[in-house]
Amino acid sequence: MDIYLIGVIAYLLILGGIGLYRSRTVKTQDDFMVAGRKTSALFLAGTLVCTWVGSGSLFGGAGLAFRSGISQLWMSAGAWVGIALVYFLAHRVRRISQYTLSDILEKRYNATARLFGTTAIIIAYLTIAGYQFRGGGRLLNILTGIDPLWGGAITCAVVIGFTVMAGLVSIISIDLMNGIIMTFGVLIALPLAYFSVGPDQIGALPADRFAVFGQEDVVWAMGVFFPTFFLLMGESGMYQKFFSARDESTARKAVIGMIVGVIVIETALNLLAVTGSAKYLSQAPFLLPDGTFDKAVTETIILQIARFDIPPFAGVLLICAAVAIILSTANTFLMIPSTNIARDIYQRFLRPDASDRTIIRFQRFWIVALGVLAFVLANFFQSILDMAFTAYTMVGAGITPALLAAFLWKRVTVAGGVWSIIAGMGVTLVVTVLNFVLPEPFMETDYIILPAAAASIAALVTVSLLTPPSPEEKWRPFVANMEMNQRAES
């Protein structure tokens with residue numbers, strides 16, 4: 001059996017053992033949904049890094065770096081800035097001690113905001129989970145030659161199994177190990193790939209590969225910057241993991257670890273992809289006969305390097321890092337929408353008196369159902385990057401403005417928050433549907449965030465100013481939260 005495949009199987013068995021062991025501790029809804037609210041800063045930082053660095057970075061971002069050069073870092077930088085701002089919100093979120101982001105939306109706005117917010121999260125997170133499965137399919141194709149569709153199905157089954165075992169307890173338990181493997185795998189591979197390709201060949205790359213905007217302009221840079229920025233600020237998985245922290249200080253410390261980890265890993269992935277492009281830029285199947293890039297093939301550059309361009313020991317480690325990236329992100333992005341269905345629909349509207357055992361059983365069923373649905377959904381997009389930008393915009397434009405206003409703008413009203421969510425979701429859906437049905441794309445996915453976020457923010461501000469201010473009981477918990485923190489810091 002191939003050494004790379006042996007490494008993957010061994011790594012999955014180790015993670016499976018950890019998850020199975022931790023599954024014995026799951027007794028209550030708190031255990032399954034928010035890991036019993038006992039997570040330390042180290043484990044929380046590890047799982048936050050693993051949540052963010054997924055197939056969007058490993059495949060979509062790397063493919064963009066292959067085609068555009070270091071200017072791809074504009075896409076990554078959106079998340080870096082978003083994380084820095086989240087540092088000032090993490091402890092406030094933890095203090096509220098809810099279960100989901102939709103809990104926050106209802107607390108500040110109303111049940112309609114909860115429903116629309118939950119819908120946006122489910123659509124976006126199924127898309128994100130789906131492209132993790134596609135990434136796994138490509139990985140298995142490179143390792144074994146199996147059809148990527150079947151590889152994606154195998155990945156889907158493995159992810160569902162891990163997520164069903166112990167919910168967030170299992171995810172957080174294995175993510176620290178995943179984070180360590182990701183970091184070492186990428187950092188060890190980078191210098192080895194550099195010397196394998198050769199400094200002369202890398203230096204011969206076109207100058208625009210090292211330009212700030214590459215072959216594009218500032219509008220393009222903002223088009224790829226803002227999807228990750230807005231998504232990060234409204235990323236439901238991150239907020240749910242803040243709820244799992246043992247206290248407010250732990251949540252804030254974890255954000256510092258998150259920003260360091262994400263910057264290091266995503267920068268290394270970018271440089272690794274640019275290094276690989278020096279060798280494969282003009283080769284088939286990366287370059288098509290008409291002189292254009294095969295977008296889907298360029299997204300496999302990291303796996304190509306792991307399999308063929310660095311020594312086997314480092315290649316196995318990098319492949320295991322890819323497995324960690326795919327598995328850790330897919331777990332979270334199945335966990336979150338299933339939590340939304342269990343908590344924000346079933347428990348909130350249908351069975352408010354349901355026992356912990358019933359809710360956990362219900363959520364496990366939906367983890368399986370949503371996993372299958374995400375696998376089917378993934379086949380409707382041409383590339384992982386297209387899926388990433390669409391999902392990022394659904395959350396970033398649909399939820400983030402209303403969420404931030406809940407904490408930062410006392411004047412925002414219930415109607416303003418609801419219409420902001422509707423406007424952001426609506427523009428994203430309309431553009432996505434038009435891209436599917438028209439013979440030529442209505443709008444490149446790189447730019448969807450610009451009209452969607454503009455519509456969301458405009459609705460938020462305009463409707464809030466045209467409607468009566470919210471009663472004090474709506475905004476007081478959030479403002480008091482902020483004022484208490486300001487007094488503590490002064």
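Helices (H or I, at least four residues) and strands (E, at least two) are taken here as DSSP runs, numbered from the N terminus. The structure is a predicted model, in which local features need pLDDT of at least 70, side-chain atom pairs count only at pLDDT 80 or more, and totals for chains, interfaces and linings use all residues. Residues are numbered from 1 along each chain as its sequence is written, and side-chain values use heavy atoms, with hydrogens and water left out.

Rolling a probe the size of a water molecule over the atoms shows where empty space is left. A cavity is a set of points, on a 1 Å grid over the protein atoms alone, where a 1.4 Å probe fits but cannot get out, and its lining residues have an atom within 4 Å of a point. Grid points are joined across faces, edges and corners, and a volume is the space filled by probe spheres set on the points. The count comes to 3 cavities of 30 Å³ or more.

The largest cavity holds about 100 Å³ of space. Its lining consists of 14 residues, with Ser57, Gln72, Met75, Ser76 and Glu266 nearest the centre. Two or more lining residues come from each of α4 (55-68), α5 (73-86) and α13 (248-280), and α4 gives the most, with 4 residues. By class (Ala, Val, Leu, Ile, Met, Phe, Trp, Tyr, Cys and Pro nonpolar; Asp, Glu, Lys and Arg charged; the others, Gly among them, polar), this lining has 6 nonpolar, 7 polar and 1 charged residues.

The second largest cavity has a volume of about 70 Å³. Residues lining this cavity include Trp52, Ser57, Tyr131, Phe333 and Tyr392. At least two lining residues are supplied by each of α3 (41-52), α4, α8 (111-144) and α16 (312-350), and the largest share, 3 residues, comes from α8.

Leaving aside residues up to four places away in sequence, threonine 250 touches Thr39, Ser40, Ala41, Leu44 and Ala245, where contact means heavy atoms within 4.5 Å.

Helix α20 (residues 414-437) has 24 residues, so at 1.5 Å a residue the helix should span 34 Å; the end C-alpha atoms are 35 Å apart, which agrees. The expected span is 1.5 Å times one less than the number of residues. Buried positions in α20 include Gly416, Ile421, Met425 and Asn435. The buried residues of α20 pack against α7 (101-108), α8, α18 (384-398), α19 (400-408) and α21 (449-466).

Conventions:
On a 1 Å grid over the protein atoms alone, a cavity is a set of points where a 1.4 Å probe fits but cannot get out, and a pocket is an open set with protein on both sides within 12 Å along at least five of seven lines; lining residues have an atom within 4 Å of a point. Buried means under 20% relative accessible area, exposed over 50%, partly exposed in between (1.4 Å probe, protein chains only).
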